[in-house]
Amino acid sequence: MTKLLFVCLGNICRSPSAENIMNHLIKQAGLSDRITCDSAGTGGYHIGSPPDNRMALAARKRKIELLGEARQFNRKDFENFDLILAMDRDNYRNILAVDTAGKYKDKVRLMCEFCRSHDLKEVPDPYYGGPEGFDRVIDLLLDASEGLLEYVISQEQLTITN
Ligand code: 4NP
């Protein structure tokens, strides 16, 4: 089983979107028994909250329902997950700050590394902006998630069953 963890700041906008988009693609590929996803926030302000309504609306336009409850990233996540995907560079730094012994750096990547048709290096924080920012997050994450799934399939030598 390959375990993926998506991380942003609040765990109510970008990382739950990444988690649910990725789950959607994994299901389509018939790989739900081989790859699992979760998400977390580096901050603790929204612990227990469902995904942001504006984010859920943008996802629903693409036929993806956002499920989940915000939780905070913690050091046990380094052992529990194979790959940790940070939405932006601040998230990346804040994740590595928890890895005080520097043991897990190789597990942490920027989500946009896996984009194939977008040039952005970070998934922009949509929280204080207008609705178009949320749509842009979904488009970017769909692109990155497709690239990420292809990467995991090749790394783990998985076979798509449908
Ligand atoms: P996220 O978005 O990190 O994508 O979940 C944010 C959610 C909340 C806040 C900032 C970003 N906040 O400042 O409360």
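Which residue lies over the face of Y127? I looked it up: R54 does, at 5.1 Å from the ring centre. A charge counts as over a ring if NZ of Lys or CZ of Arg is within 6 Å of the ring centre and within 35 degrees of the ring normal.

Notes on the model. This is a predicted model, in which local features need pLDDT of at least 70, side-chain atom pairs count only at pLDDT 80 or more, and totals for chains, interfaces and linings use all residues. Residues are numbered from 1 along each chain as its sequence is written, and side-chain values use heavy atoms, with hydrogens and water left out.

Next, ring pairs. I found four aromatic pairs in the structure. Rings of Phe, Tyr and Trp (its six-membered ring) pair if their centres lie within 6.5 Å; planes under 30 degrees apart are stacked, over 60 edge-to-face, the rest tilted.

I took F114 and Y151 up. Their ring centres are 5.2 Å apart and the planes stand at 55°, so this pair is tilted. F114 sits in the loop between β4 (108-110) and α5 (131-156), and Y151 in helix α5, so the pair ties together parts 37 residues apart in sequence. Helices (H or I, at least four residues) and strands (E, at least two) are DSSP runs, numbered from the N terminus.

I checked accessibility (buried under 20% relative accessible area, exposed over 50%, partly exposed in between; 1.4 Å probe, protein chains only). F114 is buried at 7%. Y151 is partly exposed at 25%.

Back to Y127. Y127 pairs edge-to-face with Y128, 4.9 Å centre to centre, with 90° between the planes. Y127 is partly exposed at 26%; Y128 is exposed at 78%.

Last entry: ring pairs link F73, F78 and Y104 into a cluster.
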